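Biologist: I should like to understand the terms applied to this structure. Could you set each value against its definition?

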Amino acid sequence: MNIKLPSLSLRLNQNPSKTHFRKSKAVPGLLIVACGEKVEPLRVMISGAPASGKGTQCELITKKYNLVHVAAGDLLRAEVAAGTEHGKRAKRTHLRCWLQMVKERLSRQDSQEHGWLLDGYPRSESQATSLKKFGFVPDIFILLEILVKRVVGRRLDPVTGKIYHLKYYPPETEEIAARLTQRFDDTEEKVKLCLHTHNSNVESVLSLYNDQIVKVDGTLPKEEVFSLIDRALTELLAKKEAALGSLAA
């Protein structure tokens with residue numbers, strides 16, 4: 001997998017307890033005070049069609065990198081269920097309200113301090129453009145690619161609501177296997193239509209993130225998928241640290 005990492009922006013946070021001096025490259029003999037220099041946290045976007053394993057990868061990424069997971073769909077549903085002003089407006093002006101909710105969540109202190117993982121958003125070029133205007137630009141855009149057979153193999157446990165896959169995530173017992181059903185929207189015909197719609201939407205978004213895209217084969221076992229994502233994020237962090245080191249040198 002070829003990973004093209006974007007240019008990096010750095011933020012210098014002052015911490016008086018970690019004050020040190022560095023030589024100015026522009027003015028010989030001049031010492032500059034540098035206080036607690038710190039790299040900006042990771043900003044990650046992830047996109048994947050249904051059954052791409054996106055939910056699993058988000059859990060793994062969040063756990064290892066301590067990012068704030070912002071699942072756009074869950075955010076919208078939670079506001080509607082709670083009957084908040086955003087939720088009420090979302091019923092009337094769905095898309096515009098959704099953007100505002102995402103913007104506010106990414107602006108919170110925890111997202112700014114720890115970094116964020118934006119899941120399933122933006123879904124259109126206009127949404128991506130609006131996020132960019134608000135200053136939310138990812139360091140990396142992870143795209144999970146899948147095949148029709150991956151989705152068709154999904155099965156639902158009507159008792160627990162848990163989703164299995166006949167090949168990639170089989171049921172734990174024969175009892176569970178016997179009661180599994182296929183969801184009506186997991187048939188091959190509907191899956192092809194769903195993927196076509198998803199791919200059309202994604203294509204319009206990707207044009208804005210050409211330099212940040214990392215494509216990963218979502219049909220691989222989840223451990224292999226995460227290994228590829230982990231490598232990309234690790235290399236990105238290494239590049240951030242190297243850039244900061246050269247600045248402080």
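**Confidence, contacts and burial**

Modeller: In the chain, confidence is highest in strand β7 (residues 116–119), at 97, and lowest in strand β1 (residues 11–12), at a mean of 36. Here pLDDT is the predictor's confidence in each residue, from 0 to 100, and strands (E, at least two residues) and helices (H or I, at least four) are DSSP runs numbered from the N terminus. This is a predicted model, in which local features need pLDDT of at least 70, side-chain atom pairs count only at pLDDT 80 or more, and totals for chains, interfaces and linings use all residues. Residues are numbered from 1 along each chain as its sequence is written, and side-chain values use heavy atoms, with hydrogens and water left out.

Biologist: What is the average pLDDT of the chain, and over which residues does pLDDT stay under 50?

Modeller: The chain averages a pLDDT of 79, and 77% of the residues score at least 70. Over residues 7–35 pLDDT stays under 50, and the model has 54 contacts beyond four places in sequence for them; a contact means heavy atoms within 4.5 Å. Where pLDDT is low, the predicted coordinates should not be read in detail.

Biologist: What makes Asp-230 and Lys-64 a salt bridge?

Modeller: A salt bridge is a side-chain nitrogen of Lys or Arg within 4 Å of a carboxyl oxygen of Asp or Glu. The side chains of Asp-230 and Lys-64 meet at 2.8 Å, N to O, and therefore qualify. This pair links distant parts of the chain, with Asp-230 in helix α10 (residues 222–248) and Lys-64 in helix α1 (residues 54–65), 166 residues apart. By this rule the count comes to nine salt bridges.

Biologist: Why is Asp-230 called buried, and why is Lys-64 called partly exposed?

Modeller: Buried means under 20% relative accessible area, exposed over 50%, and partly exposed in between (1.4 Å probe, protein chains only). Asp-230 has 15% relative accessibility and so counts as buried, whereas Lys-64, at 47%, counts as partly exposed.

Biologist: Why is Arg-43 called buried, and with which side chains does Arg-43 make polar contacts?

Modeller: Arg-43 lies in strand β5 (residues 43–48) and has 19% relative accessibility, so Arg-43 counts as buried. A polar contact is a pair of N or O atoms within 3.5 Å; within protein, one must be able to donate a hydrogen and the other to accept it, and residues adjacent in sequence count only if both atoms are side-chain atoms. The side chain of Arg-43 makes such contacts with the side chains of Glu-40, at 3.2 Å, and Asp-139, at 2.7 Å.

Biologist: Which residues of α9 are buried, and what makes them line one face of the helix?

Modeller: The buried residues are Val-191, Leu-195, His-198, Val-202, Val-205 and Leu-206. Seen down the axis of α9, they fall within an arc of 80°, so they line one face; the arc is that of the directions from the helix axis to the C-beta atoms. On the other side of α9, Glu-189, Leu-193, His-196 and Glu-203 are exposed.
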